[in-house]
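Subject: Structure for your files

Dear colleague,

Here is the structure I said I would pass on. My notes on what was found in it follow below.

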Amino acid sequence: MSAPAPTTPAALARQARERFVADVEASLPELAGAISTRLLESVDRSPSTRESQIRRDAVLQYERHRALWVDKTGRALRRASQRTDESRPVRSANLGLELIGDDVVEQKIIASRLAMAIHEKASWELNDLRVRIQALEGGNDFAADDVLRPEALALLLIEQWMDANLSRQSWLMDSDLIQRRLVPVAVEAYGRVNGELVRAGVVPDVELSRRVKRSASAPPCSEVGTSGK
């Protein structure tokens, strides 16, 4: 029986993203069901007949498109997990001069709220994962559209929501529920990916790695205090 082929750093990094994405995608059907329940309950709590009709319309719209959102989000997540530096589109030199539409700005604002919540709860796991991915990919930080970055993950979710013909208002109505459901999923997914990388021998001790880097970047003892002579 032949021995398994050695896993390259690039393959390990790709597998880490695939594992993370698989965990997030697996949570989507349950999240979609929870949103449906919340919207239905909001109809009964409507303060007026007009508001009740608005919320009822939101329920009908969501039920028509929720399966599409789950499907589109899953496919977008899987595509994002396969993205590499080479496959990313070349950024225009005039990008800073390009106009950004109001919808894009609004989506980024909404996504930033979810991203901040993920950062708050997952900071330790995320920072450790960043160190391990940097070790695998030559020291580069997460790209702006890296699905492991909370900002990129949150923006992907809201973009697919809008692409599935769901309204921004319905997302805002359920943003607290989405946050409450997704944040623990992301935290656990980061932890699971870290565990798999440690078992693969990728930076088993992050703190030791940081201390070694600090020592390597410190000036030689002979240079310390010379300015006072």
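Helices α2 and α3 are roughly antiparallel to each other, because their axes cross at roughly 175 degrees and an angle over 145 counts as such. The two axes come within 9 Å. By class, the contact of α2 with α3 is made up of 14 nonpolar, six polar and four charged residues. Please keep in mind that this is a predicted model.

Overall make-up

The protein has eight helices and zero strands, so the order of elements from the N terminus reads α-α-α-α-α-α-α-α. Of its 229 residues, 38% are buried. Among contacts with a separation of 6 or more, 81% are between residues 24 or more positions apart.

Other helix pairs

Helices α1 and α3 pack at an angle of about 165 degrees, and their axes are 9 Å apart. This pair is therefore also placed in the roughly antiparallel class, and its crossing is right-handed. On the α1 side the contact involves R14, R17, E18, V21, V24 and E25; on the α3 side, G74, L77, R78 and S81. By class these residues divide into three nonpolar, two polar and five charged.

Helix α4 covers residues 102-136 and helix α7 covers residues 175-199. Their axes come within 9 Å and cross at roughly 10 degrees. With an angle under 35 degrees, α4 and α7 are therefore roughly parallel to each other. The crossing is left-handed. The contact of α4 with α7 has 16 nonpolar, three polar and five charged residues.

The nonpolar core

Which residues touch the most other members of the largest nonpolar core? They are W69, I133 and W171, in a core of 57 residues. Helices that each supply at least two residues of this core are α1 (9-26), α2 (28-44), α3 (49-81), α4, α5 (150-163) and α7. Helix α4 gives the most, with 12 residues.

The contacts of W69, leaving aside residues up to four places away in sequence, are L28, L31, A32, L157, Q160, W161, A164, L166 and W171.

Single residues

V43 lies in helix α2. With a relative accessible area of 10%, V43 is buried, because the cut-off for buried is under 20%. Not counting residues up to four places away in sequence, V43 touches S52, R55, R56 and V59. The C-alpha atoms of V43 and A58 are 9.4 Å apart in space, and the two residues are 15 apart in sequence.

R130 lies in helix α4. Is this arginine buried or exposed? R130 has a relative accessible area of 16% and is therefore buried.

Backbone points to check on screen

One is N165, at about 65 degrees, in the loop between α5 and α6 (168-173). N165 has 48% relative accessibility and so counts as partly exposed. The other is V203, with a phi of about 45 degrees, in the loop between α7 and α8 (206-217). V203 has 16% relative accessibility and therefore counts as buried.

Summary of the helix pairs

- α2 and α3: roughly 175 degrees, axes within 9 Å.
- α1 and α3: about 165 degrees, axes 9 Å apart, right-handed.
- α4 and α7: roughly 10 degrees, axes within 9 Å, left-handed.

Regards

How values were computed. Residues numbered from 1 in each chain as written. Predicted model: local features only at pLDDT ≥ 70, side-chain atom pairs only at ≥ 80, totals over all residues. Heavy atoms only, no water. Axes fitted to C-alpha atoms, helices over the stretch in contact; angles between N-to-C directions. Helix = DSSP H or I, 4+ residues; strand = E, 2+ residues; numbered from the N terminus. Parallel < 35°, antiparallel > 145°, perpendicular 65-115°, else oblique. Left-handed = near helix turned anticlockwise from the far one by under 90°. Nonpolar A, V, L, I, M, F, W, Y, C, P; charged D, E, K, R; others polar. Buried < 20%, exposed > 50% of the residue type's maximum accessible area, 1.4 Å probe, protein only. Core = buried A, V, L, I, M, F, W, Y, C linked by side-chain atoms within 4.5 Å. Contact = heavy atoms within 4.5 Å.
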